[in-house]
Amino acid sequence: MSKKVKVFAAVFMSFLLFLTGCSNSNSSSTGTEKSTTASAPAKTDKSEMVVGLDDDPPQLDPHFSTAAVDRQVFHSIYDKLVDVDEELNFVPMLAEKWDISEDGKTYTFTLQKDVKFHDGTPFNAEAVKFNFERMMDPNTGSPRASELSSIEKIEVVDDTTLKVVLSEPYSPFLAALSDRAGMMVSPTAVKEKGKDFANSPVGTGPFKFVSRVKQDKIVVEKNADYWGGAPKFEKIVYRPYADENVRLTNLTSGDVDIISKVPPKDVEKLKNDSNLTLSETGALGFQGLYLNHKSEPFNNKALRQALDLVIDREAIIKVALRDTAVASAGAIPPGTWAYDESIKPKKKDIEKAKKIMADAGYPDGFEFTLQLSPKPVEEQISQMIQSMAKEAGIKVNLEMVEFGTMLDNMDNFKFDAVRLGWSGRTDPDGNIYALFNTEGSINYGYSNPKMDELLEQARVETDQKERKKIYSEATKLGQEEVPFIFIYHEKDYKAYKNNLQGYKHIADQMMRFHDVSFK
């Protein structure tokens with residue numbers, strides 16, 4: 001090679017390196033992933049934290065939210081009446097304490113004093129009453145209505161005392177109040193803003209909503225007057241990274257401080273990254289396929305059963321999820337008090353699936369469309385399901401859909417099946433009732449009187465051992481009826497910079513930042 005050519009090559013390579021160094025790290029395209037052993041420099045500005053979310057939250061009003069990713073932001077903007085600790089025990093939040101009557105029907109809440117919403121209006125018993133009534137109003141259409149359906153009467157005793165009378169005992173009531181049904185919004189802001197409230201939400205939480213640019217960022221700032229003490233950060237910026245490679249790259253490059261989900265393929269690498277902390281806990285939810293029971297083909301139980309039998313759960317966990325999950329037999333995850341280890345996940349059985357279809361008049365199988373989010377792991381799981389189903393003569397068409405659009409499609413029954421899950425709740429009722437009961441918030445047309453009877457019975461039963469027996473019976477009925485195809489229970493991983501301190505990893509998967517700061 002001539003000297004001139006060598007000089008030109010060197011200059012050209014330097015130019016390429018310059019372009020690479022100037023590339024936008026927030027690009028939505030999937031580039032070469034940075035090594036997880038690369039340095040992740042701490043920000044010089046320790047007053048701002050950047051959080052990498054796995055998607056863009058569709059809804060910032062907790063009373064209308066149906067997506068798990070919404071709740072990641074909610075925990076900064078809103079307080080709940082009740083929270084949970086790392087052992088999932090109920091602990092006081094906006095409710096300083098509570099008393100439950102012997103018959104389990106009357107809850108008397110003593111509220112925190114001198115709490116204000118971000119708009120300066122007082123939080124009090126009247127505000128709680130307003131929130132409950134808003135969620136319970138049938139004209140509102142809140143997904144929270146079923147969680148509060150047992151409320152018969154709400155009585156404001158004084159500013160800091162609220163009495164709630166239930167029509168019958170409801171064992172999951174505190175659990176419901178530790179999630180979105182217990183998140184308090186400003187009555188004044190709701191009345192003033194109407195449907196626009198979701199675009200400028202007002203709560204009592206440690207951070208105030210500042211701004212939002214969809215698909216780019218949500219910004220919240222310190223609530224200096226927070227009743228629980230001012231948080232450590234001046235500002236939190238939530239950024240959505242639906243592309244898992246981009247999300248991880250922004251963490252390892254130092255642009256993001258913590259991410260809400262770790263790609264299964266990167267768990268082992270992050271364990272060995274000296275610049276980052278990888279935290280693992282069992283999660284409360286489940287993952288699988290939602291089915292539309294109002295139209296063909298899944299209004300036919302035999303076809304639901306056949307699809308359930310073609311799926312090799314262990315193969316999906318091993319190949320697509322890199323052993324970061326366990327096979328699922330139902331809505332109740334391992335490690336929780338209602339889990340019944342005697343009920344085993346379905347095993348792949350192609351011949352049985354073929355026989356069920358033939359007996360039902362479908363000897364040549366059937367066809368349906370599976371909607372999925374445009375993410376690598378979702379695509380891999382869906383392609384594996386497509387290949388497994390093909391063995392039994394079931395044709396699966398894959399359709400990639402943006403997350404918010406997918407939720408809209410589900411709400412309007414514009415789907416055959418959807419590859420999605422449920423983030424889980426602290427009480428099993430929040431998983432199984434929502435999915436299996438005719439009036440459940442994530443039920444898409446399934447209805448069985450026996451199932452409804454069991455789940456209603458479990459709600460009023462106050463003895464935990466008896467409740468577990470009822471849930472076991474409901475789980476077995478679910479395996480026969482197949483309202484939903486359970487595939488796995490994921491483990492929850494959070495990854496964050498080593499200079500982040502005070503983070504507590506709770507099994508509900510939600511990130512709480514009031515006590516978090518940089519070292």
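**Burial, ring pairs and loops in a predicted chain**

Student: Are Phe298 and Phe368 buried or exposed?
Tutor: The model is predicted, with local features requiring pLDDT of at least 70, side-chain atom pairs counted only at pLDDT 80 or more, and totals for chains, interfaces and linings using all residues. Residues are numbered from 1 along each chain as its sequence is written, and side-chain values use heavy atoms, with hydrogens and water left out. Buried means under 20% relative accessible area, exposed over 50%, and partly exposed in between (1.4 Å probe, protein chains only). By that criterion Phe298 and Phe368 are both buried.

Student: How many helices and strands does the protein chain have, and what radius of gyration does the protein chain have?
Tutor: Helices (H or I, at least four residues) and strands (E, at least two) are DSSP runs numbered from the N terminus. The secondary structure of the protein chain comes to 15 helices and 20 strands. The globule rule, 2.2 Å times the number of residues to the power 0.38, is compared with a radius taken over C-alpha atoms. For 519 residues the rule gives 24 Å and the chain is close to this, so it is as compact as a globular protein of that length, with a radius of gyration of 24 Å.

Student: What share of the contacts with a separation of 6 or more joins residues 24 or more positions apart?
Tutor: Of the 519 residues, 55% count as buried. A contact means heavy atoms within 4.5 Å. Among contacts with a separation of 6 or more, the share from residues 24 or more positions apart is 71%.

Student: How many aromatic pairs are there?
Tutor: Rings of Phe, Tyr and Trp (its six-membered ring) pair if their centres lie within 6.5 Å; planes under 30 degrees apart count as stacked, over 60 as edge-to-face, and the rest as tilted. Ring pairs link Phe286, Tyr290, Phe413, Phe415, Phe436, Tyr444, Tyr446, Phe484 and Phe486 into a cluster. By this rule the count of aromatic pairs comes to 24.

Student: Why does the pair of Tyr170 and Phe173 count as it does?
Tutor: Both Tyr170 and Phe173 are buried. Their ring centres lie 6.2 Å apart and their planes stand at 55°, so the pair is tilted.

Student: How many residues apart in sequence are the parts that Phe298 and Phe368 tie together?
Tutor: Phe298 and Phe368 form an edge-to-face pair, 5.0 Å centre to centre with 70° between the planes. Phe298 lies in the loop between strand E13 (286–291) and helix H8 (301–310), whereas Phe368 belongs to strand E15 (residues 367–372), so the distance in sequence between the parts tied together is 70 residues.

Student: Which peptide bond is cis, with omega about 0°?
Tutor: The proline concerned, Pro297, is placed in the loop between E13 and H8. With omega about 0°, the cis bond joins Glu296 and Pro297.

Student: What relative accessibility does Gln72 have?
Tutor: Gln72 is found in helix H2. Beyond residues up to four places away in sequence, Gln72 touches Leu53, Tyr238, Ser260, Lys494, Gln509, Met510 and Met511. Gln72 counts as buried because its relative accessibility is 5%.

Student: At what phi does Asp114 stand?
Tutor: Asp114 lies in the loop between E5 and H3. Asp114 counts as exposed, at 76% relative accessibility. Although Asp114 is a residue other than glycine, its phi is positive, near 60°.

Student: What phi does Gln215 have?
Tutor: Gln215 is found in the loop between E8 and E9. At 51% relative accessibility, Gln215 counts as exposed. Gln215 is not a glycine, yet its phi is positive, at about 65°.

Student: What distance separates the C-alpha atoms of Asp323 and Lys491?
Tutor: Asp323 lies in the loop between helix H9 (313–319) and strand E14 (325–327) and is partly exposed, with a relative accessible area of 46%. Residues up to four places away aside, Asp323 touches Ile317, Lys318 and Lys491. Asp323 and Lys491 are 168 residues apart along the chain, and their C-alpha atoms are separated by 9.4 Å.
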